[in-house]
Amino acid sequence: MYWTQTFIPTLKETPADAEIVSHQLLLRAGLVRKLTGGLYTFLPMGLRALRKIEQIIREEMNGAGGIEVLMPALQPAEIWKQSGRYETAADVLYKVRDRARKEWVLGPTHEEVITTLAANEINSYRQLPRIFYQIQTKFRDEIRPRFGLMRAKEFIMKDAYSFDTIDAGAMASYRRMYDAYTRIFRRCGLQAFPVEADTGVIGGNYSHEFMVPAETGENDVVYCESGRYAANIEKATSRGASPSTPTAGTGASPATFPTPGVLTIDALAAAPHSVPAHAQIKTLVYVLDSKPALILIRGDDALNEAKLLAKTGATQARPATGDEIVTTLGAHPGSLGAVHKVPEDVSVYADELLRGARGMTTGANTDGFHLQHVEMDRDIRVSHWGDFRTVRAGELCVETGQPLKIRRAIEVGHVFKLGTKYSEKLNSTFLAEDGSRQTTVMGCYGIGVTRTLQAVIEQCHDKDGISWPLSVAPHQVCLTPLNVTPESQPRQVAEKLRAELLAAGIDVILDDRDERPGVKFKDSELVGFPLRVNVGEKSLAKGEVELKPRGGSMQPAKIEEAAAQIIAFVRAGMAALG
Ligand code: ATP
Ligand code: MG
C-alpha cells in the first residue's frame with residue numbers, strides 16, 4: 001500500500017466532542033468518521049485493523065469447532081414475540097414496519113434466529129453438539145450512545161451459539177468458547193480478564209464477561225488481588241460489611257420517636273439522634289413490572305438493581321414515584337418503614353445482612369417519626385430474603401478473606417450458559433438416542449468486535465498517538481523515504497525493501513507523500529504503525545537506514561541487513577502475542 005493511494009485523513013486538533021482518548025485517537029488517526037451520534041464510517045486504516053481482529057476471531061472460533069454462518073439483520077417480529085423479548089428487550093429494539101405495516105426488528109442479537117434455524121434443521125442427537133457463529137452488524141437503540149465505537153447504535157459483533165444434548169455438554173461448549181475468548185484477546189494484544197457476570201435480559205444461569213481494565217470503562221469490577229475472585233459489581237458478593245449488623249436487642253417493643261425534618265439515613269446518623277447507619281433499615285419502594293414492592297437494606301448499603309432483577313425475576317424495576325409511595329405506604333420518603341401499615345399484597349424483599357438484626361431503627365410510615373428497638377424477625381413480614389446490596393471496596397473476599405478492590409473496566413466479551421430458555425420457546429428439540437424427544441441445551445457467546453478495536457486503542461496509546469499491537473495494526477511497517485521522487489536513492493531503497501518485505505508476508509505501507517519528514521513522522525506515530533523505517537540521504541551515505549519501533553528508540557540498520565531485521569522484528573513480535 002502507498003500512503004497517497006489510500007485515505008488517511010489525520011487531524012492535528014483533538015475533536016471537541018470526543019470525550020475519551022481512544023475516541024479522540026480513532027478520529028485523529030483517521031480511522032473512522034462520525035455520521036451522527038452512535039453511527040460511524042470506517043475509513044481504510046480503521047477497516048484494516050477491524051478486519052485483522054475479525055480474522056483472529058475467525059481463526060480461534062474455527063479452531064474451537066465453531067461453524068461460520070451469516071444470519072439476517074432484519075428479523076420478523078413473530079420470533080421475538082415467541083421468545084418474549086419483543087416486550088422484555090423493547091427498550092433496545094429498533095422496530096420497523098414494511099409497506100404492508102408488518103412488524104420487523106433490526107437484530108440486537110440473534111438467539112431467536114439461530115434457535116429457529118436449529119428447530120428446523122437439527123432433529124437428532126447425531127447432529128449434536130454444534131456451535132454456530134457469525135460476524136455481523138447489530139442494532140441497539142441505546143439510551144446514551146457515546147464514546148465512539150464503545151456504545152454505538154450500530155456495531156459489529158461476533159456472536160456464537162452452542163446446541164448440546166445435555167447440560168454437561170453445554171458446559172463443555174461454554175468452556176471451549178471461554179478458552180477461545182482468552183486466546184482471542186491475548187492475540188489482539190489486549191489484557192482482558194474474565195469476571196463472573198449477571199445474565200440480564202439474555203437470561204440463563206451462568207455467565208462471564210471479559211473485561212479490559214480502563215478508567216473510562218462503564219463497568220465496575222470487584223476483584224481480589226490473589227486473582228481467585230473477580231465479578232461484575234452487578235453480581236459480586238463478599239463476606240459482609242463492617243461493622244457487622246447489631247443483633248443484640250433489648251427485647252423492647254418497637255417504639256415511635258419524633259424525628260422532625262430528618263429525611264435521610266445521614267440525618268438520623270447525626271446528632272441529636274446519632275443512630276449509626278448500619279443500625280438503620282433503609283426502606284425503598286420499587287415498582288417491579290408494575291407491582292409495588294418494598295426492599296429493605298442496611299442504612300449504609302446501596303441497592304443493587306441488577307441483583308434485584310435477578311432475584312425477583314422481574315424484567316423491569318424502577319423506584320416508585322412520590323405519589324406511588326404515598327399510595328402504597330401512606331407516608332413520604334424519609335419516614336418509610338416496613339413494620340406497620342404494609343399492605344398484604346406488597347412483597348417485602350430483605351437483604352441477607354439484615355437477617356437476625358435487632359435494635360434497629362427505621363421509618364414509622366408516619367411523616368416525622370421513626371421507630372426504634374426494631375427486630376427483623378419479630379417485627380417485619382419478610383416475603384423473600386436475598387442478596388440485594390452492592391459490595392464496597394475493602395469488604396472481604398468470599399474465596400480468600402482478603403480485602404476486595406474495585407476498578408473500572410470495558411466489557412469486550414460475554415459468555416452465557418442459556419440452558420433451555422430459548423430452545424423451549426422456539427421449539428428446538430431433537431430425537432435422543434433412547435427415542436425420546438428432548439430440548440436442546442444452549443449457550444451464547446458475544447464479542448463486541450468494534451468495541452474491542454477501540455479497547456485496544458484505549459489500552460495501547462501514548463501522547464503521540466496509537467501504539468498498535470503488531471497483530472491488529474492497520475499495517476505492521478511504515479517505510480518512510482525522506483525523498484519520494486522516483487529516481488532518488490531513498491525512494492529506490494524504500495521500494496526495494498517494500499518488495500522484499502511483501503514477499504516475506506509483511507504488511508507494509510510506504511509513505512510516498514511529498515511532505516516534510518516531521519509531518520510524516522508525526523502522522524506515522526499518530527496512526528500507530530509498530531515499526532517505522534526512515535530512509536534518508538544522510539544515513540544512506542553511511543550505508544544505513546533507521547528502524548524506529550513505535551514507542552522505542554531509533555536503531556541504525558545496514559541497508560543490506562535491513563529487510564532481515566525488519567522481518568525478524570515482526571515475526572518475534574507476532575510470536576510473543578501467541
Ligand atoms: P453493555 O452492558 O455494554 O450494554 P451488553 O451486556 O448489553 O453490553 P451483550 O449483549 O453481552 O452486551 O453483547 C456482547 C458484546 O457486544 C458486549 O460484550 C460488547 O462488547 C458488545 N456491545 C454491546 N452493546 C454494544 C454497543 N452498543 N456498542 C458497541 N458494542 C456493544
Ligand atoms: Mg453483556
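Helix axes are lines fitted to C-alpha atoms over the stretch in contact, and the angle between two of them runs from 0 to 180 degrees between N-to-C directions. Keep that in mind for the helix stops. One caution before you start: this is a predicted model.

**Stop 1: helices α2 and α12**

Select residues 44-63, which form α2, and residues 449-459, which form α12. Their axes are 10 Å apart, and the packing angle is about 115°. Angles of 65 to 115 degrees count as roughly perpendicular. The two helices, α2 and α12, are therefore roughly perpendicular to each other. Look at the handedness too: α2 crosses α12 in a right-handed way.

Now show the side chains. From α2, pick G46, A49, L50, I53, E54 and I57. From α12, pick V449, T450, T452 and L453. These residues make the contact. Colour them by class, and the contact of α2 with α12 splits into 6 nonpolar, 3 polar and 1 charged.

**Stop 2: α12 again, now with α1**

Which residues of α1 and α12 make the contact? On the α1 side, select V21, S22, H23, L25 and L26. On the α12 side, select L453, Q454, I457 and E458. By class, the contact of α1 with α12 has 5 nonpolar, 3 polar and 1 charged residues. Notice L453: this residue was in the contact with α2, and L453 is also in the contact with α1.

**Stop 3: R28**

Leave out residues up to four places away in sequence, and R28 touches P9, T10, L11, K12, E13, T14, P15 and L526. Next, draw a distance from the C-alpha atom of R28 to that of V484.

**Stop 4: helices α13 and α16**

Select residues 489-503 for α13 and residues 559-576 for α16. The axes of this pair are 10 Å apart, at an angle of about 40°. The crossing of α13 and α16 is right-handed.

Show V493, L497, E500 and L501 in α13. They meet I559, A562, A563, I566 and I567 in α16. What classes of residue make up the contact of α13 with α16? There are 8 nonpolar residues, 1 charged residue and no polar ones.

**Stop 5: ligand 1**

Centre on ligand 1, which has 14 residues around it. R140, E142, R151, A152 and E411 come nearest.

- E142: an N or O atom of its side chain is 2.7 Å from a nitrogen atom of ligand 1.
- R151: a polar side-chain atom lies 2.7 Å from an oxygen atom of ligand 1.
- H414: a polar side-chain atom lies 3.1 Å from an oxygen atom of ligand 1.

**Stop 6**

Turn to the backbone. Most residues other than glycine have a negative phi, and most peptide bonds are trans.

Go to P129, in the loop between α5 (111-121) and β7 (130-139). The peptide bond joining L128 and P129 is cis, with omega about 0°.

Move on to P243, in the loop between β12 (230-232) and β13 (255-258). S242 and P243 are also joined by a cis peptide bond, with omega about 0°.

Finish at S290, in the loop between β14 (281-288) and β15 (291-298). S290 is not a glycine, yet its phi is positive, at about 80°.

Conventions:
Residues numbered from 1 in each chain as written. Chains lettered and ligands numbered in written order. Predicted model: local features only at pLDDT ≥ 70, side-chain atom pairs only at ≥ 80, totals over all residues. Heavy atoms only, no water. Helix = DSSP H or I, 4+ residues; strand = E, 2+ residues; numbered from the N terminus. Parallel < 35°, antiparallel > 145°, perpendicular 65-115°, else oblique. Left-handed = near helix turned anticlockwise from the far one by under 90°. Contact = heavy atoms within 4.5 Å. Nonpolar A, V, L, I, M, F, W, Y, C, P; charged D, E, K, R; others polar. Near = heavy atom within 4 Å. Polar contact = N/O pair within 3.5 Å; in protein donor to acceptor, adjacent residues only side chain to side chain.
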